[in-house]
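User: I would like to go through this model term by term. Tell me what each label rests on.

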Amino acid sequence: MAKSMTVEEKVLYTAAYTDEIGKPDVPATPPVWSLSDPTLATLAPGTDGFSTWVLGVGIGDVIVTATLAEVVPIVITDTLTITAPNATAGVLTAGQPVAQV
């Protein structure tokens, strides 16, 4: 499921797997995490390897991928949109008065 966050936020991704009949399955080794554009985000993998924090560092769309090396590799992807932070305050500054001509 695609997500959106600001460049000042992070989001936790978790990879979950099922066997051929749909029952939850925990592989012996965790997936390899990667990003389509490391200039937009960085990874901070969890201790178990099945989850990772994605931290925004640039603005744009980045694809987050978890690749599990099985006999037939299992590749899970999601698109993360990273946006500029929302404005939370503003200031108006007036210049010096001048004559109307």
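User: What makes Leu-12 and Trp-53 opposite residues, and in which strand is Trp-53?

Analyst: Leu-12 stands opposite Trp-53, which lies in E7. Five bridges join E2 to strand E7 (residues 51-56), and the two run antiparallel. Two strands pair if DSSP finds at least two bridges between them. Five are found here, so E2 and E7 count as paired. The model is predicted: local features need pLDDT of at least 70, side-chain atom pairs count only at pLDDT 80 or more, and totals for chains, interfaces and linings use all residues. Residues are numbered from 1 along each chain as its sequence is written, and side-chain values use heavy atoms, with hydrogens and water left out.

User: Why are E2 and E6 called edge strands?

Analyst: The open sheet has three strands in the order E2-E7-E6, with antiparallel pairing. Strand E2 (10-14) and strand E6 (41-45) each pair on one side only. From one strand to the next, the twist averages 25°. Its angles run from 0 to 180 degrees between N-to-C directions, with axes as lines fitted to C-alpha atoms.

User: What puts Lys-10 over the face of Trp-53?

Analyst: A charge sits over a ring if NZ of Lys or CZ of Arg is within 6 Å of the ring centre and within 35 degrees of the ring normal. Lys-10 is at 4.4 Å from the ring centre of Trp-53. It therefore meets the distance limit.

User: How many aromatic pairs are there?

Analyst: Zero, from a search of the whole structure. A pair needs ring centres of Phe, Tyr or Trp (its six-membered ring) within 6.5 Å; planes under 30 degrees apart count as stacked, over 60 as edge-to-face and the rest as tilted.

User: Which residues does Ala-66 face?

Analyst: Ala-66 in E8 is the bridge partner of Trp-33. Ala-66 also stands opposite Ile-76 in E9. Strand E5 (residues 32-35) pairs with strand E8 (residues 60-68) over four bridges, in the antiparallel sense. Nine bridges join E8 to strand E9 (residues 74-83), again antiparallel. E8 and E9 form a hairpin, with five residues between them.
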